[in-house]
Structure formats: C-alpha cells, structure tokens
Amino acid sequence: MILINLLPHREIARKRRQERFNINLVLSVLVGGLLASLIYLWFQAQISTQQGKNQLLQSEISKFDLQIKEIAGLEGEIAALLARQQAVENLQADRNMPVYLLTELVHQLPEGVYIVSLKQEGQNVALQGVAQSNERVSELLRNLSNNSPWFTRPELVEIVAGTANLTPRDVRRVANFQIRVKLVRPNEAQTIPAQKSSAAASAGVVR
C-alpha cells in the first residue's frame, strides 16, 4: 500500500525554523541585556568605590589644612614672642648704652683731642670736637674703627681748620671736626671684633 503525506511539511519545517530563530533571537537579546546590566553595575560599583576614596582623601586633606593653619598660627605666635623678647632685650641693653658710650669714648680719645658736643639717637652717635691737628682726628677714627668693640662704622662728616685762644697772646691752629659713629649693643659687641679681624685679614690678602 502506498502512503501519501498530504500535510504541508515544508511549511511546518519553515515555521519550526522561524520559531527557533525567534527563540534564539530573544535569548540573545536577554543574554546581551544581562551582560550589559552586569557591566553597568560593575562600573557603577567601581565609580562608587572611587568616589568613596575621593571623599576620604578630601576629608583627610581638610584635616591637614586645619593642622597647617594651626601650625602657621603657632609659628606666627612664636615669631611675635621672639620679637617681643628681642625688643625687651634691646631696651635692657639700651639702658646701659650711655655708660658704655662715655666709658669707651674716654679710652679711645687720643691726646690732644677734645669733645665739645655729643648727641646720641638710638645707636647713632654724633660727635663734635676740637683736635690739635688732622692727624689726631685720623687717630681717633682709627681707634673707633679698630680698637673698640662698642663702636663701628665711624664716619668723618666734616673737618675745618680753626684757631683756639689759649691766652690773649697764645693762639693756636686747631681742627674742628664732626664724626658720626654707631654704638654697638652688648649682645652684638662679641661679634664685632671677629668681623673686624676678618675684614683686616681680607684687606691684607688684597694687598
């Protein structure tokens, strides 16, 4: 007996292939969407982690900024205290400077030199006097420059020839001079001789 299949098997096979294709397409879309979701969640987790680290770093930076400001404030207070201490020490030293000035000036005046006027403003001293000759004035300048730790940077302002009447018949020629010199504070006096020695040695080397 011959069996004849009258069903549309080609249509049925095409329909099955179409259904499999649709199923595979849907599965591919679902798998792709799942993978995309997983990747997105992974990136979000990484971003959240990095943001947390950034916030932690920012908070630590803020703490350090506060500490730096506190340290800067302490440094300013220390500098102000040191400045006040130095000012007090200078005032204490300046109280005795007139004594050092007069005592040292007596030691450094050469014979034949007389001080007529003396004026002190802070560490600056202005001297006016009379000398028997210009050489005596030069000797005074050398003494103030090299022989005394209490005087520094003497400067001859003016020297003028004049006369002095010792008696009605005894008139002598003299040199009227003005000198500016700086008086050294006690806390600075120890460093002046070393500086002068160094300068003298340097001058000797140049020669």
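Colleague: Let me start with two strands. How many bridges join β1 to strand β2, and do they run parallel or antiparallel?

Modeller: Keep in mind that this is a predicted model. To read a pair of strands, look at the bridges between them and at the directions in which they run. Here β1 and β2 (residues 124–131) are joined by 8 bridges and run antiparallel. For a spot to look at, find Tyr114, which stands opposite Val130 in β2.

Colleague: What is the order of the strands in the open sheet?

Modeller: The open sheet has 4 strands in the order β1-β2-β4-β3, and the pairing is antiparallel. Because β1 (113–121) and β3 (151–165) each have a single partner strand, they stand at the edges, and one side of each has no neighbour in the sheet. Leaving direction aside, neighbouring strands here are turned by 15 degrees against each other on average.

Colleague: Which helix packs on the sheet, and which strands does it touch?

Modeller: That is helix α2 (residues 134–147), which touches β1, β2, β3 and β4 (171–183). The direction of α2 makes about 160 degrees with that of β3.

Colleague: And over how many bridges do β2 and β4 pair?

Modeller: β2 and β4 pair over 8 bridges, in the antiparallel sense. Within this pair, Ala131 stands opposite Ala175 in β4.

Colleague: Now a single residue. Is Asn143 buried or exposed?

Modeller: For this, we read the relative accessible area, and under 20% counts as buried. Asn143 has a relative accessible area of 12%, so this residue is buried. Its place is in helix α2.

Colleague: With which side chain does the side chain of Asn143 make a polar contact?

Modeller: With the side chain of Asn147, at 2.9 Å. Leaving out residues up to four places away in sequence, Asn143 also touches Gln108, Pro110 and Ser148.

Colleague: Last one: how many aromatic pairs does a search of the whole structure find?

Modeller: The search finds 1 aromatic pair. To read such a pair, check the distance between the ring centres and the angle between the planes. Trp42 and Phe43 are 5.1 Å apart centre to centre, with 70 degrees between the planes, and the pair is edge-to-face. Phe43 is partly exposed, with a relative accessible area of 45%.

Note on methods: Residues are numbered from 1 along each chain as its sequence is written. This is a predicted model: local features need pLDDT of at least 70, side-chain atom pairs count only at pLDDT 80 or more; totals for chains, interfaces and linings use all residues. Side-chain values use heavy atoms; hydrogens and water are left out. Two strands pair if DSSP finds at least two bridges between them. Axes are lines fitted to C-alpha atoms, for helices over the stretch in contact, and angles run from 0 to 180 degrees between N-to-C directions. Contact means heavy atoms within 4.5 Å. Buried means under 20% relative accessible area, exposed over 50%, partly exposed in between (1.4 Å probe, protein chains only). A polar contact is a pair of N or O atoms within 3.5 Å; within protein, one must be able to donate a hydrogen and the other to accept it, and residues adjacent in sequence count only if both atoms are side-chain atoms. Rings of Phe, Tyr and Trp (its six-membered ring) pair if their centres lie within 6.5 Å; planes under 30 degrees apart count as stacked, over 60 as edge-to-face and the rest as tilted.
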